Structure formats: C-alpha cells, structure tokens
Amino acid sequence: MGDLWTELTTNRVITEKLPEATLETLQMVGLSALITVVVGLPLGLLLRSLAPDGLLPHRPLSVVLGFVVNVLRSLPFIILAVAVIPVTRAIVGTSLGWEAAVVPLSIGTIPFFARLVETAVRDVAPGKVEAARVMGSTTPKILRSVLVREALPAIVSGFTVTVIALIGFSAMVGAIGGGGLGFLAITYGFQRFDPVVLYTSVVVIIVLVTVVQVVGDAVARRLDHR
C-alpha cells in the first residue's frame, strides 16, 4: 500500500508540478538573461573603454569599476543570493518565488557577462579601431559598428555560457525558495526521498542546458564570417 501511494504521489508531482517548475525556470532564466544583456553589455564595453589602451582611458575609474565587478563576480552564488535578500524584498516585495529569484540571478551574472564582453572586444584587431578613428567615427559609433560588430560571435558565445550558468544558478536558488526545477528537486525529490522526482528534474535541466548550448553555438557560427 505504501509503495502504491508513493508511486501515485510521484506520478502526480511529475505530471502536475514538473511542467510548472520548468516554466518557472524558463521565466526566471529568460528575464535574468535579458537584464544581464541590457546591463552587462554596456558595462563590458565601459570596462574596455576605460582601460589604459581603450577608447576613453581613465585609470582611477577603471580600477574602481574593475574592483566592484571582480568582487561581485567572485562571491559564491548561494551566498550572494542570501546576502541580497533585503534588496530582493525591497524590489519585488518578497524573497520567495521565481520573480524574486531574478534579482540575485541578475546581480550574479551581470559582472560575469561584462567580463566576457570585455574580453571579446579586446580581441578585436586594433587596426580596425584606428581605421574607424581616421575616418572620423565617434566613440559611440566605434563601439557599436566596430567593436560590437567584430566581436559579436564571441559575445554570443559568452552569452551562451552566461545563460547556461543562469540555469545552474536557478537550480541553486531553489534552495532558498526561488521556485523552478531546483525547488522541485530539493522539496519533492531530496527532502521527501523521491529519487524519481529528483533525477527527472536533473534530466530536464540537462536538456535545457543542451538546447541552449546547441542554439548558441549555431548562432555564433552563423555570425562568424572569418
């Protein structure tokens, strides 16, 4: 009787809770990824521009900004997620649910993506930047039409890595009530000793990561005209 009840409970969780948890994961990762691009891309360009060999060299500001980015990037995500709970409550009104999880997810991945963008645009041939300067291009135009355009395949690859990291972070944030597949795996799988729910959640996460990697690689290859 006990085994039958366990099986029925497992089936109900998989059929009812798993689709809902998957949707929550997609929502929190999607919104966090959007915020990360909107903030992280300009931040990465600013980091590169303020460097000694950048378009707008400013060493003191570069050092300060780089320090802040490095501090945020070096914090273990689960610690960061707990530390920003007051900020999350101030912005969202609660620290629970997928909407609340967007705050620590965004804070955790913006500096990570910004550094990837900085690295990508640093690899653009200096000669192309100089040629644009000789032709009278303004700094914003050089950033947009030369650096971003030439580094776009690498930026897309960096964004792919960032989204995959977001999926992993979204599972971690489930440990503090963030919803999604991580919350499902911990609450219904681990705490209730249901390996079927636990490993099914893991499989779904693996599928999401694989899809993101395949699509990201395809887009990066299509944009690379070398």
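# Close-up views of an all-helix chain

**Figure 1. V124 and its contacts across the chain.** Leaving aside neighbours within four places in sequence, V124 is in contact with L147, E150 and A151. This is a predicted model. V124 sits in the loop between α5 and α6, the latter covering residues 126–134. Is V124 buried or exposed? V124 is buried, because its relative accessible area is 9%, and the cut-off for buried is under 20%.

**Figure 2. The chain as a whole.** The secondary structure comes to nine helices and zero strands. Read from the N terminus on, the order of elements is α-α-α-α-α-α-α-α-α. Along its principal axes, the C-alpha trace spans about 80 × 40 × 25 Å. The chain has 226 residues, and 42% of them count as buried.

**Figure 3. S32 inside helix α1.** S32 belongs to helix α1, which runs over residues 2–50. The relative accessible area of S32 is 0%, so this residue counts as buried. Which backbone atom does the side chain of S32 reach? The side chain of S32 reaches the backbone oxygen of M28, at 2.6 Å. Further along the sequence, S32 touches V102, L105, S106 and L166. That list does not count residues up to four places away in sequence.

**Figure 4. T162 inside helix α7.** T162 lies in helix α7, residues 139–173. Its relative accessible area is 0%, and T162 is therefore buried. What does T162 touch? Not counting residues up to four places away in sequence, T162 touches T36, T109, F112, F113 and L116.

Figure 5. Rolling a probe the size of a water molecule over the atoms shows where empty space is left. How many cavities of 30 Å³ or more does the count give? The count comes to one. About 70 Å³ of space lies in the largest cavity. Its lining is made of A81, I85, T88, S95, A100, A101, P104, V173, I176, G177 and G178. The largest share, three residues, comes from α5. By type, the lining of the largest cavity divides into seven nonpolar, four polar and no charged residues.

**Figure 6. The second largest pocket.** About 210 Å³ of space lies in the second largest pocket. Its lining has 13 residues. Which of them lie nearest its centre? They are R48, D53, G54, P126 and V129. Helices α1, α5 and α6 each supply at least two residues of the lining of this pocket. The largest share, four residues, comes from α6. By type, the lining of the second largest pocket divides into six nonpolar, two polar and five charged residues.

**Figure 7. Regions listed by UniProt.** An unreviewed UniProt entry lists residues 28–51, 63–85, 91–114, 151–176 and 196–220 under "transmembrane region". Two of these spans are described here. Over residues 28–51, the chain is 96% helix and 0% strand. The end C-alpha atoms of residues 28–51 are 33 Å apart. Residues 91–114 are 79% helix and 0% strand. The end C-alpha atoms of residues 91–114 lie 23 Å apart.

Figure 8. Which residues does the annotation "domain: ABC transmembrane type-1" cover? In the unreviewed UniProt entry, this annotation covers residues 22–215. In the model, residues 22–215 are 83% helix and 0% strand. The end C-alpha atoms of residues 22–215 lie 19 Å apart.

How values were computed
Residues are numbered from 1 along each chain as its sequence is written. Side-chain values use heavy atoms; hydrogens and water are left out. Buried means under 20% relative accessible area, exposed over 50%, partly exposed in between (1.4 Å probe, protein chains only). A polar contact is a pair of N or O atoms within 3.5 Å; within protein, one must be able to donate a hydrogen and the other to accept it, and residues adjacent in sequence count only if both atoms are side-chain atoms. Contact means heavy atoms within 4.5 Å. On a 1 Å grid over the protein atoms alone, a cavity is a set of points where a 1.4 Å probe fits but cannot get out, and a pocket is an open set with protein on both sides within 12 Å along at least five of seven lines; lining residues have an atom within 4 Å of a point. Grid points are joined across faces, edges and corners, and a volume is the space filled by probe spheres set on the points. Ala, Val, Leu, Ile, Met, Phe, Trp, Tyr, Cys and Pro count as nonpolar, Asp, Glu, Lys and Arg as charged, and the others, Gly among them, as polar. UniProt positions are given in the numbering used here, feature names are shortened, and annotations may be inferred rather than shown by experiment.
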